[in-house]
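Welcome, and please get your viewer ready. We will take the tour one selection at a time, with a word on what to look for at each stop.

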Amino acid sequence: MIRKVLVANRGEIAIRIFHTLREMGIQTVAVYTEPDANSLHVRIADENRRIASYLDANGIAHTAAACGADAVHPGYGFLSEATSLAAACEKAGVVFIGPATETIRVMGDKLESKSKMQQARIPVVPIWRSDPPADEYPVLVKAVGGGGGKGMRLVEEPADLNSALEAASREAAGAFGDNRVFVEKYIRNPRHIEFQILGDARGNVIHVFERECSIQRRYQKIIEESPSVALTPELRAAIGAAAVEAASTVGYRGAGTVEFILEPTGRFYFLEMNTRLQVEHPVTEMVTGLDLVREQVRIAEGQPLSVRQSELHQIGHALECRIYAEVPEEGFRPATGSIGVYRPPSGPGIRLDSGVEEGSVIGIHFDPILAKLVVWAPSRTAAIERMQRALGEFVILGVRTNIEFLQRVISTGAFAAGALDTHFLERHTEVFQQAGVDLPPAVLVAASLATDVPAAKRQIAFKDPWAVGAWRNT
Amino acid sequence: MGRGCVEKYVTARELHWKRNGDDYSVRIETVNGQGTLSINGRTISFQILERSPHGMRVLIEGANYEIYIWREGRVCTVWCNSATYRLEQLEGGRAPHAAMNVAAGDVRTPMAGKVLRVEVQVNDSVAEHQTLVILESMKMETPVRATRSGRVSQILVQPDDVVDMGQLLAVIE
């Protein structure tokens, strides 16, 4: 029985997890480092504890034990896929809400996980440890311990392979402390399709359908949806079965995601498995009605899954846009500042997982995600229209965001047609053009009235019916 | 000031803005929420329907503009009907820099208007959120409250004074 949980994370995901814990009657503990002392996630938890770093596995596990928490929820990012936190929790006698340490290790190793999948006869993207055959080019050079596109390089010609291997190895050693790299076949114009998985301690594994996450920038997703327009019922069943098989092969316990890439031909390949709650998990919750965090807690308590595969259905359509503090028009550079005006959208079918409020300071210390705007509607078209409205009502001033950029992306004909692949943004460069060159006079009125004007520039006159034009400088 | 039976007041201001390489020289006159904007020889009438600390609703030729504003230094970011505009204020109408760095004890007007009453005196001790000044704007009375607790060290207005949005009313130490 879990009565108290420490969430080893910050921002929107910590808050989202607190919401479910509170619904389950579980006490919540937030952790924070100095820049986050006044952050929203710290203030909404029942208790909070300062830690040295969100990456300090032993410190977090000890803090959890010291404050009487039964379990630690890692969220996503930080230590969610590091064996160190799972192991430290085990040592401290605290439940780690996630899979077994060994599962995290195997699935975190891109080479070992692929060979495990091959043994289970799940299609994987061809990989080589050294020179691939010349007719397999272009290829990608990837870091064994990498993620988020770091240490990744596209190589078009065999002649460029060696220098790419060296550079990637150097970058990987610096970023992940592991210089091992490998070569992978490069799939042209693929879709990113992933399946949500749930496995309990009794060996039951189900999938909770797919999410399509093809709209990416710098190998990071920015728009996700469920269902995917690319999946026929047959293809959905086939990839879903492969995802369940992938998880079962490693005795998966908890919530996880099996990522695939889907070729335009309909062939699919295992890419990797994320052994944690995914950023984009809300779209799955919106179309199925399941609360994935509640399932995670139940599984960690040793309870069986609350649903069977046959009881799950995808209803309607859900879309998620990640709201980042960044400037898409300037190479997606992260933006900093403090949020002066924050007016979130509301209304039917809108869910906002937010980690900020008016006054929040967006610094350089952490990932610049501010919030996730999620909508549900009965159809994909209605979901896009709802997202357009919601983005159009979302006001964030004080720090620059990608809100208008997202609006332009979902308003393209290609997005409406569902013609998506992971190179969408490279091809649709028009979405980087800021529309609306005209300046509405109302903007000048507002800016001018909101500006302090020195007395010498300000004229105040008192008009009375008998003295016309009596201007006076004050 | 206190000029007896003043029924209307007019404020006029001239500012220079730059956006995407274009310059805008603006003259604005307002009379109790109604106003005109003169820009490059063109004059546009507007009406301020509503004003809040960071926003306003403006009516121009029957169209409704919902607006939010954030200022940092000389850059004014304006959200208007789903689009965001970044304007830079140029020399000439430039505001004093100190006005941007609002000190915690500075009490400023949330909107332009007329001072109806001043409810405290210099050296009074005040609690946070205590009403200091009553403003009249768009035919409504609006209390301006203490931003913090402390002692009132300065009061810079008196009844019947006409004040601009953001103008310093009092200082609490």
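Before the first stop, a definition: two strands count as paired here if DSSP finds at least two bridges between them. Keep in mind, too, that this is a predicted model.

**Stop 1: the sheet.** Select the strands of the open sheet in chain A: there are five, in the order 3-2-1-4-5, and their pairing is parallel. Now colour strand 3 (47-50) and strand 5 (95-96) of chain A, the edge strands, each of which pairs on one side only.

**Stop 2: strands 1 and 4.** Zoom in on residues 4-7 and 71-73 of chain A, which are strand 1 and strand 4; they run parallel and are joined by three bridges. Show A:Leu6 and you will find A:Val72 of strand 4 opposite.

**Stop 3: a helix across the strands.** Select residues 57-66 of chain A to bring up helix 3. This helix lies across strands 1, 2 (27-32), 3 and 4 of chain A, and makes an angle of about 135° with strand 4.

**Stop 4: the domains.** Zoom out and colour chain A by its domain assignment: domain 1 is 4-97, domain 2 is 126-185 and domain 3 is 191-432. Over C-alpha atoms, the centres of domains 1 and 3 of chain A are 23 Å apart.

**Stop 5: where domain 1 touches domain 3.** In chain A, 20 residues of domain 1 contact 25 residues of domain 3. On the domain 1 side, helix 1 (11-23) and helix 2 (40-44) of chain A each supply at least two residues. Which helix gives the largest share of that side? Helix 1 of chain A does, with six residues. Colour this side of domain 1 by residue class to see 10 nonpolar, six polar and four charged residues.

Definitions and conventions: Residues are numbered from 1 along each chain as its sequence is written. Chains are lettered from A and ligands numbered from 1 in the order in which they are written. This is a predicted model: local features need pLDDT of at least 70, side-chain atom pairs count only at pLDDT 80 or more; totals for chains, interfaces and linings use all residues. Helices (H or I, at least four residues) and strands (E, at least two) are DSSP runs, numbered from the N terminus. Two residues are in contact if their C-beta atoms, placed from the backbone, lie within 7 Å. Axes are lines fitted to C-alpha atoms, for helices over the stretch in contact, and angles run from 0 to 180 degrees between N-to-C directions. Domain bounds come from an automatic or database domain assignment. Ala, Val, Leu, Ile, Met, Phe, Trp, Tyr, Cys and Pro count as nonpolar, Asp, Glu, Lys and Arg as charged, and the others, Gly among them, as polar.
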